[in-house]
Amino acid sequence: MLVLNCSTKLLILEKMLKTCFPESFKAEVDNLDHYTNAYAVFYKDVRAYRQLLEECDVFNWDQVFQIQGLQSELYDVSKVVANSKQLNVKLTSFKAVCFSPVSTLPDASFLKGPSPRLTYLSVADADLLNRTWSRGGNEQCLRYIANLIACFPSVCVRDEKGNPVSWSITDQFATMCHGYTLPEHRRKGYSRLVALTLARKLQSRGFPSQGNVLDDNTASISLLKSLHAEFLPCRFHRLILTPDTLSGQSHL
């Protein structure tokens, strides 16, 4: 392996690599877009994480961003450092879930009614997902969802007119998210079909099939239990950090 120490050669390499990035990754940075401005944190020693926050130039503290992780100390440590840098921290905590291996296509015998058209989402569907997602409803989320659909696996059921009625997408951390079925199409088995199909698709590509669910989302919890998903002993934490100077402009 060739190790580059020359600053000039490193700049040349950076330019070469950027030409290989998809266009979606070369867009202008939006300091209010906490969906895309996201970091995943995993550590063995909490002191190493605190040192990362305090001493390393890893995070852009001038923008709204999110930190995701499974460690219990994540919020307390992040909040101490964020307070010193004049950022507000909003915590949302979820049950962490992992799907069992899905070796074959899901059995569709449990579906009620005619066999649905099972396919994937297109960027043209992003507006519908933005309007139905509890985290959505703004321009940053619309752009984020469109990028997820364009870059990562998704599954959806479409009606006879070709419109999505049930779906799930994958985020940039290979997490299954925004599983949703339109109210008029519920209790037909679509959510089960979509979840199992997306889990199998991720597993077939070498990714874990993981997700998270709010404690009060009883419908999704019941579905996950029926699918024999494993509820992990740890919890999934999402922190959204907002500089005081941007607190009146962000969509949380």
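Analyst: **Strand pairing in the predicted model**

Ile169 stands opposite Cys177 in strand 7, where strands are DSSP runs of E with at least two residues, helices are runs of H or I with at least four, and both are numbered from the N terminus. This is a predicted model, in which local features need pLDDT of at least 70 and side-chain atom pairs count only at pLDDT 80 or more, while totals for chains, interfaces and linings use all residues. Residues are numbered from 1 along each chain as its sequence is written, and side-chain values use heavy atoms, with hydrogens and water left out.

Strand 6 (residues 164-170) and strand 7 run antiparallel and are joined by four bridges, two strands being paired if DSSP finds at least two bridges between them. Ser166 has Thr181 as its bridge partner in strand 7. Five residues lie between the strands of this hairpin, and Ala174 takes a positive phi near 60 degrees there.

A second open sheet has five strands in the order 1-2-9-3-8, and its pairing is mixed. Strand 1 (38-41) and strand 8 (210-213) each have a single partner strand, so one side of each edge is left without a neighbour in the sheet. Neighbouring strands here are turned by 30 degrees against each other on average, direction ignored.

Within this sheet, strand 3 (residues 87-98) pairs with strand 9 (residues 230-243) in the antiparallel sense over 11 bridges. Cys98 has Glu230 as its bridge partner in strand 9, and Asn88 is partnered by Thr242 of strand 9.

As for packing elsewhere in the chain, the axes of helix 2 (residues 46-55) and helix 3 (residues 74-84) come within 10 Å and cross at roughly 30 degrees. These two helices are therefore roughly parallel to each other, a term for angles under 35 degrees, with over 145 counted as roughly antiparallel, 65 to 115 as roughly perpendicular and the rest as oblique. Val46, Tyr49, Arg50, Leu53 and Glu54 of helix 2 meet Leu74, Val77, Ser78, Val80 and Val81 of helix 3, contact meaning heavy atoms within 4.5 Å.

On confidence, the mean pLDDT of the protein chain is 90, and 90% of its residues reach 70 or more, pLDDT being the predictor's confidence in each residue, from 0 to 100. Among the elements of the protein chain, helix 4 (residues 126-132) has the highest mean pLDDT (98), and helix 1 (residues 7-18) the lowest (71). Where pLDDT is low, the predicted coordinates should not be read in detail.

Terms used: Axes fitted to C-alpha atoms, helices over the stretch in contact; angles between N-to-C directions.
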